[in-house]
Amino acid sequence: MRLEPNPFSGKKRAPYPQHRRSPTPPTLAPKVPPDPSFPYFIHPHTDVITSDPHNNVTDHIFEKIGYNLHKRPDHPLGIIKSVIESYFDEKYGQDTFTSYDSLYPVVSTYANFDSVLVPPDHVSRSQNDTYYVDEDTVLRCHTSAHQLEMLKDGARKFLVTGDVYRRDSIDATHFPVFHQMEGFRVFEQAEWEEAGKDSVDLAAEELKDCLEGLAKHLFGDVEMRWVDAYFPFTEPSFELEIFFKGEWLEVLGCGVTEMKILEEAGLQDKRAWAFGLGLERLAMVLFDIPDIRLFWSDDKRFSKQFKEGMFKAGGVDMQKFKPYSKFPPCLKDVSFWLPKEGDSFTENNLCEVVRDVAGSLVEEVKLIDEFENKKKGLTSNCYRIVYRSMERSLTDDEINSLQEQVRSDMVSKLGVELR
Ligand code: DAH
């Protein structure tokens, strides 16, 4: 099963050169509460879809802002969030870790990238990977975007949960909006002195102990292993994997926070650890939810299966998701020559085009054939688009008109030549 990739170790992808102009007038999104003390984190814009040449937020994505699935107590994401929060309450004492789940997802590029030391040429900054509102403003691609802001605000032990946005391929485990939880804990000098330990060692040990406990709290008595990782914001960095249902599953990334971040917050005499995890991944595994689109479904057959307080560690004796009848998929292939010049065609751009036409009716977009015509100097791709609704049967007419729209948008927006 392929789950959210780690963008910080991902393959390099071409940037998104085409500037999408919104055909509709700008739509109003909620305002950021004015806070004059942190000008870096506040962006001046209230519009999420604008005619700014850098804007690549589609209507489909814009509509997801404010859904706040993680704040719904009976939603699987809300359930996992509160299970994790109660673990922190049990381990460290009630409210020792403060939980934030309403931070606005439109953030400055400074917050999303610079404040957590993402290098200037990092692939995650490209318009192929990230949704830009304008040159300096993005839909956050991780909850780490709030670390420095929270530290400057005086928080020392906290959890931040929120919706995050990434342009990505389409399949059962990838949706361009998902939810993350970030944990952060600052140590005082007295703590490592009392323990008679080096500060980095203490932070790393405590971090591992905390997260192993969390994994047990979620998965029961499972086998786990630590894998060395790389994140720009931590050193050393690790990933925790657990052995679950016969495979090693990566559950989170974490590490000892780079001093540069603490210094920026005026905390040069402290140490800290941080972690980040994806809620969908955990919920899919723990509740046996087979398709990431189900989290967005209004279907009662989905929602009535989940209730606050239903969670039991490791899913032992817990009601799992019972799939209801799946409606048939409809497969459409499209073959085309890639544009000779430029990089307006990327898989992410294709997925965006398809998603903007078909919304959550698209289940998967996959490359099924590729060849080069040396004489013509052209490359041909064939993609299969799988349409399926979670809620009803789709008619042929409906699919055909979606596919026609996709084909014509591929020509006009991606510059491909249909075959
Ligand atoms: N921000 C990372 C991501 O989105 C997850 C993460 C890794 C967060 C390590 C952290 C951390 O705070 O220390 O993939």
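**Helix packing and a ligand shell**

Visitor: At what angle do the axes of α10 and α11 cross?
Guide: Helix α10 (residues 347-358) and helix α11 (residues 396-414) cross at roughly 140°, and their axes come within 9 Å. That makes α10 oblique to α11 (under 35 degrees is roughly parallel, over 145 roughly antiparallel, 65 to 115 roughly perpendicular, the rest oblique). Axes are lines fitted to C-alpha atoms, for helices over the stretch in contact, with angles from 0 to 180 degrees between N-to-C directions. This is a predicted model, where local features need pLDDT of at least 70 and side-chain atom pairs pLDDT 80 or more, while totals for chains, interfaces and linings use all residues. Residues are numbered from 1 along each chain as its sequence is written.

Visitor: Which residues make the contact?
Guide: On α10, N349, L350, V353, V354, V357 and A358; on α11, L402, Q405, V406, D409, M410, K413 and L414. Contact means C-beta atoms, placed from the backbone, within 7 Å. Nine residues of this α10 and α11 contact are nonpolar, two polar and two charged (Asp, Glu, Lys and Arg are charged; Ala, Val, Leu, Ile, Met, Phe, Trp, Tyr, Cys and Pro nonpolar; the others, Gly among them, polar).

Visitor: How many helices and strands are in the chain?
Guide: The chain has eleven helices and 16 strands, taken as DSSP runs numbered from the N terminus (helices H or I, at least four residues; strands E, at least two).

Visitor: How do α2 and α8 pack?
Guide: Their axes are 9 Å apart, at an angle of about 100°. That makes α2 roughly perpendicular to α8. P76, L77, I80 and K81 of α2 meet L279, E280, L282, A283, L286 and F287 of α8. Eight of the residues in that contact are nonpolar, none polar and two charged.

Visitor: New topic: how many residues surround the ligand?
Guide: 13 residues surround the ligand, and the closest are H142, S144, G253, A274 and G276; the cut-off is a C-beta atom, placed from the backbone, within 6 Å. β11 (247-257) and β12 (271-278) each supply at least two residues of the shell.

Visitor: What is the shell around the ligand by class?
Guide: Five nonpolar, seven polar and one charged.

How values were computed:
Contact = placed C-beta atoms within 7 Å.
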